[in-house]
Amino acid sequence: MLDLIIIITFLAITYLTGRYIEKNHYKKIKQREIALIRKPIISFGAKRWTTERKIKDIKMVTGEAVIAGDYFKAFTAGIKQKFGGNLSTYESVIDRARREALIRMREKATKADIIVNVRLESILLNQAYIQYNIPPQCAIIAYGTAVTYENE
Amino acid sequence: MIITTIETIPGMRVKEHCGIVSGSTVRAKNMFLDFGAGLKNTIGGELKSYTHLLSEAREEAVKRMIEQARKLRANAIVNVRFATSSITAGAAEVYAYGTAVEVEKAEG
């Protein structure tokens, strides 16, 4: 009985903290994304990108983010995994990590005019523990080429 | 050293291809950093120590790639990609690779 109470309180606490952190994080992500609109523009998959304009600076920029889920997410996903379907609690973790990495990359290149050929690379850090219901840790590297034009 | 993720460098002409260059690094988590991360992992949130670790690993991989390109007397690396793999639990590999080229300013 005591075990059950401990587990339920633990789940409730992690549910609340996880939800609070996620909500705050999404709020921050949205604010920063709005601040970064059109500055610089990013484009995915432009391998043979060329321009007529004179270029002042060209360099690779990267952004990293490692986001962890909470225990409640792992618990509910563990139950859901038996029946199949969307593991929506995990989706939000990966979504946050991707957007955070992209934002960080763009924040490093605010002076650039365009970031071309952006790619995302992901690592699941605790892959080996999936079967034990340990919350996911999602690590993302976003990278691209930042191009600054010469002023004309 | 100019590093890009696209095939060419605008305003430059590729004079010579020097072949593929790569750099890799395997980083393990610090046990003491892991303690705080473990706590963070139960309540959710960003693992700042791991983000730092990842950016260090990425920097190291790129540095090794550049060193290799310097040996080939290249002055730019184009088409750079990152690949990752988790070798064992608690360690991750970051691998950077690209094509080393010698470029010169395009005339006109």
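**Figure 1. Helices H1(A) and H3(A) meet along their sides through a set of named residues.** In this predicted model, the residues Ile21(A), Glu22(A), His25(A), Tyr26(A), Ile29(A), Lys30(A), Arg32(A) and Glu33(A) of H1(A) are in contact with Ser92(A), Asp95(A), Arg96(A), Arg99(A), Glu100(A), Ile103(A), Arg104(A) and Glu107(A) of H3(A). Sorted by class, the residues in this contact of H1(A) with H3(A) are four nonpolar, two polar and ten charged. Two packed helices are described by the angle between their axes and by the distance between those axes. Here the axis of helix H1, which covers residues 2–35 of chain A, comes within 10 Å of the axis of H3(A), and the two cross at roughly 35°. The crossing in which H1(A) passes H3(A) is left-handed.

**Figure 2. Helices H2(A) and H3(A) cross at roughly 130°.** Helix H2 of chain A spans residues 71–83 and helix H3 of chain A spans residues 88–108, and their axes come within 8 Å of each other. On the H2(A) side the contact is made by Lys73(A), Ala74(A), Thr76(A), Ala77(A) and Lys80(A), while H3(A) contributes Ser88(A), Thr89(A), Tyr90(A), Ser92(A) and Val93(A). By class, this contact of H2(A) with H3(A) has four nonpolar, four polar and two charged residues.

**Figure 3. Chain A contains three helices and four strands.** Read from the N terminus on, the elements of chain A follow the order α-β-β-α-α-β-β. The radius of gyration of chain A is 20 Å, whereas a compact globule of 152 residues would have a value near 15 Å. Along the principal axes, the C-alpha atoms of chain A fill a box of roughly 75 × 30 × 20 Å. Of the 152 residues in chain A, 43% are buried. When contacts in chain A are counted between residues at least 6 apart in sequence, 82% of them join residues at least 24 apart.

**Figure 4. Chain B contains two helices and five strands.** Along its sequence, chain B shows the pattern β-β-α-β-α-β-β. The globule rule gives 13 Å for 108 residues, but the radius of gyration of chain B is 18 Å, well over that value, so chain B is more spread out than a compact globule. The box filled by the C-alpha atoms of chain B, taken along the principal axes, is roughly 60 × 25 × 15 Å. Buried residues account for 47% of the 108 residues of chain B. Among contacts in chain B between residues at least 6 apart in sequence, 75% join residues at least 24 apart.

**Figure 5. Arg73(B) has a positive phi, and so does Asn79(B).** Phi of Arg73(B) is near 60°, although Arg73(B) is a residue other than glycine. Arg73(B) sits in the loop that lies between helix H2 (48–71) and strand E4 (76–85) of chain B. The relative accessibility of Arg73(B) is 70%, and because exposed means over 50%, Arg73(B) counts as exposed. Asn79(B), which is not a glycine either, has a positive phi of about 60°, and Asn79(B) is found within strand E4 of chain B.

Note on methods:
Residues numbered from 1 in each chain as written. Chains lettered and ligands numbered in written order. Predicted model: local features only at pLDDT ≥ 70, side-chain atom pairs only at ≥ 80, totals over all residues. Heavy atoms only, no water. Axes fitted to C-alpha atoms, helices over the stretch in contact; angles between N-to-C directions. Contact = heavy atoms within 4.5 Å. Nonpolar A, V, L, I, M, F, W, Y, C, P; charged D, E, K, R; others polar. Left-handed = near helix turned anticlockwise from the far one by under 90°. Rg over C-alpha atoms; globule rule 2.2 N^0.38 Å. Buried < 20%, exposed > 50% of the residue type's maximum accessible area, 1.4 Å probe, protein only.
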